[in-house]
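Subject: Structure for your files

Hello,

The structure is below, followed by notes on what was found in it.

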Amino acid sequence: MIKIEAVIRPEKLKSVKEALTKIGINAMTIYNVKGRGEQAGLEFTARTGLFRIDELPKVKVEIVVEDQDEEKVVEAILLAARTGEMGDGKIFVTPVHRAVKIRTGDEWRYS
């Protein structure tokens with residue numbers, strides 16, 4: 001199993017959810033987060049002078065899927081979230097070694 005974490009623009013969340021549903025991925029965890037990357041925030045000029053916002057609102061989507069679904073999930077997110085502009089976000093893929101269902105205590109271990 002693997003965990004895919006995508007940090008995306010908030011306005012792209014609906015498109016990403018639709019793209020994932022289309023390929024059969026319905027379970028996900030969604031967080032509202034703030035951050036900055038290469039973009040390092042935005043600068044505006046106002047009447048009072050230069051104004052900088054260096055923590056931009058983003059959305060983080062987490063999905064745990066079988067190894068064989070990794071490429072189709074990453075591709076679906078890429079196509080749905082990309083604008084081609086700086087600040088589109090990033091996708092991280094990490095292994096999942098163990099999962100435990102809280103309600104039943106059922107456990108899965110992966111090597």
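Counting a salt bridge as a side-chain nitrogen of Lys or Arg within 4 Å of a carboxyl oxygen of Asp or Glu, there are seven salt bridges. This is a predicted model, in which local features need pLDDT of at least 70 and side-chain atom pairs count only at pLDDT 80 or more, while totals for chains, interfaces and linings use all residues. Residues are numbered from 1 along each chain as its sequence is written, and side-chain values use heavy atoms, with hydrogens and water left out.

Salt bridges

Arg9 pairs with Asp88, with 2.8 Å between the closest N and O atoms. This pair links distant parts of the chain, 79 residues apart: Arg9 lies in the loop between E1 and H1, and Asp88 in the loop between H2 and strand E6 (89-95). Helices (H or I, at least four residues) and strands (E, at least two) are DSSP runs, numbered from the N terminus. Both partners, Arg9 and Asp88, are buried (buried is under 20% relative accessible area, exposed over 50%, partly exposed in between; 1.4 Å probe, protein chains only).

Glu107 and Arg109 also form a salt bridge, again with the closest N and O atoms 2.8 Å apart. Arg109 is exposed, because its relative accessible area is 60%. Glu5, Lys60 and Glu62 are joined in a salt-bridge network.

Regards
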